[in-house]
Amino acid sequence: MPSCEELDGELPPACPVDVALDTLRGRWTALIIGEFRHGDRSFSELRDGLPRLSDKVLTDRLQHLVAAGVLERTRTSAYPPRVSYRLTDRGRDLVPVLRALWEWGSQQ
């Protein structure tokens, strides 16, 4: 693995490892991404799948993941308007990373 020493201290994160860790930052983020193994999800489906997660934290994490390019947010023009989220290609690329983290964390 190459060194990121020459990139140290740059904002936003410039080291690819820091970029990945920044994307996955915060409790619940990995679990939210994991909910997309069932396909596209609405806010209420995510809330139902993670009942201990507050609406405020879920909203914050979804905004972060959309900004990071992991999720795509789609709003329908029907009444009532509905919002759904789906993994982008970049988000699907995270699935094996999360699987590897799960396996690594399971080896205690």
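Where is R27 found? R27 sits in the loop between α1 (16–23) and α2, where helices (H or I, at least four residues) and strands (E, at least two) are DSSP runs numbered from the N terminus.

## Model and conventions

This is a predicted model, in which local features need pLDDT of at least 70 and side-chain atom pairs count only at pLDDT 80 or more, while totals for chains, interfaces and linings use all residues. Residues are numbered from 1 along each chain as its sequence is written, and side-chain values use heavy atoms, with hydrogens and water left out.

## Overall architecture

The chain contains 5 helices and 3 strands, and from the N terminus on these elements follow the order α-α-β-α-α-β-β-α. Of its 108 residues, 26% count as buried, where buried means under 20% relative accessible area, exposed means over 50%, and partly exposed lies in between (1.4 Å probe, protein chains only).

The chain exposes about 7800 Å², of which carbon and sulfur atoms supply 54%; accessible areas come from the Shrake-Rupley method with a 1.4 Å probe, and for residues only the protein chains shown count as cover. Among contacts (heavy atoms within 4.5 Å) in the chain between residues at least 6 apart in sequence, 43% join residues at least 24 apart.

## The open sheet and the helix across it

The 3 strands form an open sheet in the order β1-β3-β2, with antiparallel pairing. The edges are taken by β1 (41–42) and β2 (71–75), each of which has a single partner strand, so one side of each is left without a neighbour in the sheet. Two strands are said to pair if DSSP finds at least two bridges between them, and β1 and β3 pair in the antiparallel sense over 2 bridges. Within this part of the sheet, R41 stands opposite Y85 in β3.

Helix α4 lies across β2 and β3, and runs at about 110 degrees to β2. For such angles, axes are lines fitted to C-alpha atoms, for helices over the stretch in contact, and the values run from 0 to 180 degrees between N-to-C directions.

## The largest nonpolar core

In soluble globular proteins, nonpolar side chains tend to be buried together. A nonpolar core is here a set of buried Ala, Val, Leu, Ile, Met, Phe, Trp, Tyr and Cys residues joined through side-chain atoms within 4.5 Å. The largest such core has 18 residues, and the members that touch the most other members are I32, I33, F36, L62, V70 and L71. At least two residues of this core come from each of α2 (29–34), α4 (55–67), β3 (83–87) and α5 (89–106), and the largest share, 3 residues, is supplied by α4. Not counting residues up to four places away in sequence, I33 touches L24, L65, V70, L87, L94 and L98.

## Two loop positions

Which residues does T88 touch, not counting residues up to four places away in sequence? They are G69, V70, L71 and E72. T88 lies in the loop between β3 and α5 and is buried, with a relative accessible area of 14%. The C-alpha atoms of T88 and V70 are separated by 5.5 Å, although the two residues are 18 residues apart along the chain.

R27, by contrast, is exposed, with a relative accessible area of 60%. Leaving aside neighbours within four places in sequence, R27 is in contact with R52 and R61, and the C-alpha atoms of R27 and L53, 26 residues apart along the chain, are separated by 9.7 Å.

## Salt bridges

Side chains of opposite charge can pair when their charged atoms come close. With a salt bridge defined as a side-chain nitrogen of Lys or Arg within 4 Å of a carboxyl oxygen of Asp or Glu, the count comes to 6 salt bridges. One of them links the side chains of E72 and R86 (3.2 Å, N to O); E72 lies in strand β2 and R86 in strand β3, so the pair ties together parts that are 14 residues apart in sequence. Both count as partly exposed, E72 at 34% relative accessibility and R86 at 28%.

The side chains of E45 and R41 also meet in a salt bridge (3.8 Å, N to O), in which E45 is partly exposed, with a relative accessible area of 35%, whereas R41 counts as buried at 15% relative accessibility. D22 forms a salt bridge with R25, the closest N and O atoms being 3.4 Å apart; D22 counts as partly exposed at 31% relative accessibility, and R25 counts as partly exposed at 42%.
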